[in-house]
Amino acid sequence: MRRYLSFRDFDWVLLGLMLMLCTISIFEIYSATQNTKFHGFAGKQVYWILGGLVAMFIVSKIDYHRLLDIVWWLYGFFLLALVAVKLFGHKALGGKRWLKFGPISFQPSEWFKLVLILLMALYFANLGARTLSWRDIFKAIALVGLPMVLVLMQPDLGTALTYTPILLAGLFLGGIHWKQAAILGTVGIMAIVGVWTSGKILKPYQKARLTSFINPDNDPRGSGYQIRQSLIAVGSGGVWGKGAEQGSQTQGDFLPIPHADFIFAAFSEEHGFTGAFLVLLLYFVILMRLIQNAQTAADMSGSLLVMGVVAVLTFQIAVNVGMVIGFMPVTGIPLPLMSYGGSSVLFTFLALGVVMNVRMRRFVN
Amino acid sequence: MDFRFQKMTAVDKVNRDEKLPAIKLTVVQYGILLMMLVLVGGLWRLQVLGGDTWRVLAEQNRIRKVPVLAARGKLLDRDGRLLVDSYPSVSCFLVREQNRNIDVDLPLIAKGLNLDLEQLQATLHRFRLSPGYQPIPIKQDISPDEQAFIEAHRNELPELETIDVERRLYPRDGFAAHLIGYVGEVSEEDLNNPKFAYYEPGDVVGKAGVEETYDEILRGQDGSMDVIVDSHGREMGRRGIQLATPGKDLKLTIDIDIQRAAENALGDANGAVVAMDPRNGEILALVSHPSYDPNAFAVRIGRSDWNKLITDPNHPLMNKAIQDQLAPGSTFKVIMATAGLQEGIAQNLKVMCNGGGDFYGHFFKCDHHHGLLSIHEAIPESCDTYFYELAQRLGIDTIAKYGTALGIGTKTGIDLPNEMAGVMPSQQWKMKTFHEKWYAGEVISVGIGQGALEVTPIQLVRALSGIASDGHMVRPHLVNLDQLPGQYRQAVLDTFVGSGEKQVSLGSDTWMTVTEGMAQATQPGLYHTAEGAHLEGIDFAGKTGTAQVVGGGDTHNKGGLKTPNAWFVGMAPRRNPEIAVVVLQEHGDWGSGSAKLAAQIITAYVNKKRKQEGNLLLQASKPAAPVEVGAIWSGPAVEEIPESHPSRDEAAARVGHPVSGGSDQMRMHAGHFMVAASNEPELAETESLFPSRKPQAPTKSPAALQAEASVGLPERFRGVMP
């Protein structure tokens, strides 16, 4: 019975699409890093992907309802982990984001994404009534807001921002009334303006990073430089691209972090509009497939789980590709499955594992 | 698995069958579609529509802007002689190529460039995290041999690159080191200072002295050059150059000859010398010992050398001329005398000196038993008792009034960084600083320049020469304002705030009495403190000071830490002097010693002046004399030389044979003419070659010559031939 379950209802199509992206990623990382000090990262990415696959299979085996059972424990545990990071964290790259246990670094803020997805799904599924009261809304905001603040204090603006789509997806799908949404929206904007102008919560370099995408020449040495290089790389790719391993901006080390944040730029330079369009199409198909899984899920919590994953992935794609083409500020958010990075790969595979999980149990009642 | 499903799960059974509203999911789907379209649209705009533009930009991206360094302005002395210049230097860099393992080449590089292999490896290791195209500096100031090595190994060692830079060359042995200063790389803390808003890391900036004060003018403006690089950052070509604006050369008021005389005079002693022109504040010489070699700072100074300089108890880095705050000793009596005369007390004050006097219940000592003195003797003999009495009568606040008016306790405003202000004690000062009342008895020691009084050498020379100039006080400076472009003049005055240019009104009898007193000090006479520094034929005046150090008492071993500081302020001539010199020898004992040193400097100055003025005036005073011109020409024979003439044979030997005999034969003639400035040449005499010449220049008697030489010389310089 079990084997039957896993063999047939596993979403092979989805897996196939994912692996296509992963393959593209490996080739692109290889091309982008071959002349830099990051060479060898392509190999590491392969390891991460394999590890992710294993993790995905494992997670898909566990009934997601059991995960939901323990989600409050997970929430508490990871909250404590975030506090521990603040107190004992390993300082690197200008922030305290990791806990080090010997050779293993553990970044709680990444794992928290998964926990929040689970939590949101449980919370909104349990509310039952199709309309949300203000009390419900505030409680949801608090649940998400608390870890967000902790992560912001690390400081890690990028990761903290990825928690918002989870909240928004939950509110939207959980039945928020448009009037309530309008009020929240206005309040939210006012809060953002307040935070911005107070100058206390956002450090000056963070503010500069967020605004330089509007006019990159204002900050030609800092993040303006990154955006400019990205635009040049993408634009000069033209329709057909310059060819694999032949992007002059990528190869010339002009494009910063070509293997992670700006991998899409490196790819666009080498494969042009056609390549970029195809990758975006791949993402689109994956997202649609995920939504289909949400529609066919067995219960509300399952649907919400999948939609939470959709929200996070969409957000990341939108922000990363937007950044690469100059629509969005530079925030360090990785492109799922394409960007190099263990925690990003692992998170994506785990999240998709949960989706597999939901899909596999859609007929079980 | 089935059994576990029966257990109550966190999700209510009630909601199990509920699904997400389909419409919401559709909204999400379309939302995602919209987002994708926006992204694709952005890509379209960039890649399809704008592809060409960006391609061009990608090309241009491979252009690097390289700065073209501006040459730093030179420093010259007042006669235009070179004091500080820059020299071209070559630095060697290591460029990291991606496909090359540099480590195997390191031993060869170390050998060829005379570097320590381990240090080279350490440097490489230090730079391993920086971007690949950034070159690593490995050696500065490479010699021609090393340059040849690099050239010869271009193929085997392509990673070696050279770059031409400009380095500052300062006089050796610390000559004028404190007034010149030095340059160095701008530091991290400096960059946070708004003063350095336009500076970037790696910029060379003045760090002391004139180099610091006038850095903006000396540095000029860097230009830039576009360099095309390949994808590895190696230069492939150049494209367009914006030339640098070189820095402006600055003419200092310093006279190298006087500076040398001052440095030699001070010799090995610790202390300071300042020579200034009191008419306008121009500094002719500024010395501080011990000194240091600023060339050591031009290359990044080694830590151990820096520590040595900082911890040296003689403070070589301190510019003692403007930073040493010490009790002036008896030199202050000039200011005391000025105060006393202005207040109308000292004119008629006569004091009996029996080796000291009783004041406020204490006995205050004087060095000698001077007997009965008036102000006219008290100054040259430097009688402490007289001035104790004067101090008691004036009171501290009156003394402070005159002291402050003359610039004691305030910076002078000299255009060097980090000037100190000294201390002019007063009742208000004591209350503010120590929160204690001024005890009347403290004025006594102030009267002879001790106590809480602190002056810097520059303050002292300005004050005393100002008094000698009838109260005309000046702003001491090393660069005349007319050297600077317009907006900088006010900037300099605003930056270096001090007593500056000012007129203190003095009664004429004050002026006469004080200057006479100082002039007498160098004249031979009993107890005249500076008679050992007398200069014959030069109107040289001044005041000695033997300032005791705290806890020193009457110690007199030269150089010992308890020995008094030896001061002397001298000037020439006595009234409206054109040069004033202050000599401070730390722990140099008696001020008369410093007086002798000052005398050397004044002599050097006067000698130089006489040479210059003597030459110029001799030529300028005489009307242009006619010039004697000799010429040889051919013409018709004028007369036969009689056979008996002794020079005939010679003449025949010199002159060619006549072409033909007879009256229309051509002959060579010789003669000399006097040509006046605007006249036609007149034929004075025509003779055969080598006639006996009559002297044209009139001889003059030595006395007449001397009288001539003295014409136009200032009165004080007459009577002595150059």
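In which loop of chain B is B:His315 found? B:His315 sits in the loop between helix H13 (303-311) and helix H14 (320-323) of chain B. The legends below take this residue up again.

This is a predicted model, in which local features need pLDDT of at least 70, side-chain atom pairs count only at pLDDT 80 or more, and totals for chains, interfaces and linings use all residues. Residues are numbered from 1 along each chain as its sequence is written, chains are lettered from A and ligands numbered from 1 in the order in which they are written, and side-chain values use heavy atoms, with hydrogens and water left out.

**Figure 1. Overview of chains A and B.** Chain A has 16 helices and three strands. Chain B has 26 helices and 24 strands. Helices (H or I, at least four residues) and strands (E, at least two) are DSSP runs, numbered from the N terminus. Of the 365 residues in chain A, 58% are buried. Of the 722 residues in chain B, 47% are buried. Buried means under 20% relative accessible area, exposed means over 50%, and partly exposed lies in between (1.4 Å probe, protein chains only). In chain A, 72% of the contacts with a separation of 6 or more join residues 24 or more positions apart. For chain B, the corresponding value is 72%. Contact means heavy atoms within 4.5 Å.

**Figure 2. Helices H6 and H16 of chain A.** The axes of H6 (residues 108-127) and H16 (residues 342-360) come within 9 Å and cross at roughly 20 degrees. H6(A) is therefore roughly parallel to H16(A). The crossing is right-handed. H6(A) contributes A:Glu110, A:Trp111, A:Lys113, A:Leu114 and A:Ile117 to the contact, and H16(A) contributes A:Ser343, A:Ser344, A:Leu346, A:Phe347, A:Leu350 and A:Ala351. By class, seven of these residues are nonpolar, two polar and two charged. Axes are lines fitted to C-alpha atoms, for helices over the stretch in contact, and angles run from 0 to 180 degrees between N-to-C directions. Angles under 35 degrees count as roughly parallel, over 145 as roughly antiparallel, 65 to 115 as roughly perpendicular and the rest as oblique. A crossing is right-handed if the near helix is turned clockwise from the far one by less than a right angle, and left-handed if anticlockwise. Ala, Val, Leu, Ile, Met, Phe, Trp, Tyr, Cys and Pro count as nonpolar, Asp, Glu, Lys and Arg as charged, and the others, Gly among them, as polar.

**Figure 3. Helices H9 and H15 of chain A.** The axes of H9 (residues 163-174) and H15 (residues 300-324) come within 8 Å, crossing at roughly 135 degrees. H9(A) and H15(A) are therefore oblique to each other. Their crossing is right-handed. From H9(A), A:Pro165, A:Ile166, A:Ala169 and A:Leu173 meet A:Leu304, A:Met307, A:Ala311, A:Val312 and A:Phe315 of H15(A). This contact has nine nonpolar, no polar and no charged residues.

**Figure 4. Aromatic residues in both chains.** The whole structure holds 18 aromatic pairs over all chains. One of them joins B:Tyr182 and B:Tyr292 edge-to-face, at 6.2 Å centre to centre and 85 degrees between the planes. B:Tyr182 lies in the loop between helix H7 (177-180) and strand S6 (183-185) of chain B, and B:Tyr292 in the loop between strand S12 (282-289) and helix H12 (295-298), so the pair ties together parts 110 residues apart in sequence. B:Tyr182 is buried, at 11% relative accessible area. B:Tyr292 is buried too, at 8%. In chain A, one aromatic cluster is formed by A:Trp72, A:Tyr75, A:Phe77, A:Phe78, A:Trp111, A:Phe112 and A:Tyr163. Rings of Phe, Tyr and Trp (its six-membered ring) pair if their centres lie within 6.5 Å; planes under 30 degrees apart count as stacked, over 60 as edge-to-face and the rest as tilted.

**Figure 5. Backbone details in chain B.** Most residues other than glycine have a negative phi, and most peptide bonds are trans. The bond from B:His289 to B:Pro290 is cis, with omega near 0 degrees. B:Pro290 is in the loop between S12 and H12 of chain B. The bond from B:Ala572 to B:Pro573 is also cis, with omega near -15 degrees. B:Pro573 is in the loop between strand S20 (565-572) and strand S21 (579-585). B:His315 has a positive phi, near 55 degrees, and is partly exposed at 41% relative accessible area. B:Tyr360 has a positive phi of about 50 degrees. B:Tyr360 lies in the loop between strand S14 (356-359) and strand S15 (362-365) and is partly exposed at 40%.
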